[in-house]
Amino acid sequence: MKIRGAVLTTSDAQAPFTESRPLEVRELELDPPQEGEVLLRMTAAGVCHSDLSVVDGNRPRPVPMLLGHEGAGVVEEVGEGVTGLEPGDRVVTVFLPRCGECKNCRTDGKLPCSRGLESNNAGFLPGGGAKIRIHDPNDGDIYHHIGVSAFATHAVVSQASVVKVGSDLPPEAAAPLGCAVLTGGGAVINAGEPEDGDSIMVVGLGGVGIAALMTAIGLKKGKVIGVDANPDKLVRARELGADETYSPQELQDQGVKADLVVEAAGHPKAFETAFNATALGGRTVTVGLPHPQAESVIHPLLLTSEARTVVGSYLGSAVPSRDIPKYEDLWRKGELPVDELISDRIRLDDINEAMDTLAEGKAVRQIILFDED
């Protein structure tokens, strides 16, 4: 079938992207779903730093690639062997499919699926072999972006890359559940494991950071603190219910610390800020993805002398099929206002402009709405 999708043509584009235009919205051919796969009509997709990191070369991927991984859609067709899904179901996409069989999958979310990582890095669909379902009549095969390729009107994905959600969940609220909320919320709940009375700090208030902040507020464990260099994001954090907000410099000057500190900026300086703001006996959870060569400076003596812990959390240490329904339920109860993550609603043709907005730190979550295209 014919679809429209945003194809990344180079792996090291230079900003401003409105001038270099590394993403081209093209007409493409999409194969029907094969065994274990489903065809989705995309309804919404979030523009995430993980997308930007592919565009600017921080996370090299094979090109040409149809980008996008945080999405919501409607099942239009199911392949042979698919269970639990049928046409008309609404789903959220997940960028790390889990095979459920490898050693990593037996860690209850602590480690990412080894087979899922392998197929993601290669730009293929999971399940073994070089599975590609997207084609350009003039450019040949188009690689998949971490099993999803959500910046398109339609997508074929593995059944392991979707989680069914209720029809009452709006597409723009559903899409962030599969990345921003799963990652940020999981960094707090799964990796941080806060106890009653624990103060929780989030460093870096982008989409993942705001999701972590909202999750922490909803838990009602203890004081919630937001940290960011952008004053507008601090204002937003207070509007959402943060008890205190600081710039990194203010945090350092005032010596503010917390029992659980989540670093969600993906920057080495942000990790240093988070580590230095962790209290005696506290936990630093890092969920951001910095450049592979980035380095941070910390004082390892504090790990021993203050009995502290540093935890790395990938995808919020989540099991999507288990965790997304929990976040969906919190949304229904009004305890997780996912809609508040959305800073802009855009069209697919605005994708290069959206990357500039994201790179400039002006956005929390820009959402592509396909029904408006």
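E244 is partly exposed, at 22% relative accessibility. Here partly exposed sits between buried (under 20% relative accessible area) and exposed (over 50%), with a 1.4 Å probe and protein chains only. The model is predicted: local features need pLDDT of at least 70, side-chain atom pairs count only at pLDDT 80 or more, and totals for chains, interfaces and linings use all residues. Residues are numbered from 1 along each chain as its sequence is written, and side-chain values use heavy atoms, with hydrogens and water left out.

K223 forms a salt bridge with E244. The term means a side-chain nitrogen of Lys or Arg within 4 Å of a carboxyl oxygen of Asp or Glu. The closest N and O atoms of K223 and E244 are 3.2 Å apart. This pair links distant parts of the chain, 21 residues apart. K223 lies in the loop between α6 (207-219) and β12 (224-227), and E244 lies in strand β13 (residues 244-246). Helices (H or I, at least four residues) and strands (E, at least two) are DSSP runs, numbered from the N terminus. K223 is partly exposed, with a relative accessible area of 37%.

## E101 and R115

E101 also forms a salt bridge, with R115 as its partner. Their closest N and O atoms are 2.9 Å apart. Distant parts of the chain are linked here too, 14 residues apart. E101 sits in the loop between β6 (90-93) and α3 (114-122), while R115 is in helix α3.

E101 is exposed, with a relative accessible area of 52%. R115 is partly exposed, at 44%.

## A pair within helix α11

R332 forms a salt bridge with E328, and the closest N and O atoms are 2.7 Å apart. Both residues lie in helix α11 (residues 320-332). They are 4 residues apart, about one turn of the helix.

R332 is partly exposed, with a relative accessible area of 40%. E328, in contrast, is buried at 7%. Elsewhere, salt bridges that share partners join E24, R26, D136 and D139 into one network. The structure holds 26 salt bridges.

## The barrel

5 strands close into a barrel, in the order β1-β2-β7-β8-β4, with mixed pairing. Two strands pair if DSSP finds at least two bridges between them. Strands of a sheet pair through backbone hydrogen bonds, either parallel or antiparallel.

Strand β7 (residues 134-136) and strand β8 (residues 140-144) pair in the antiparallel sense, over 3 bridges. H135 has D141 in β8 as its bridge partner.
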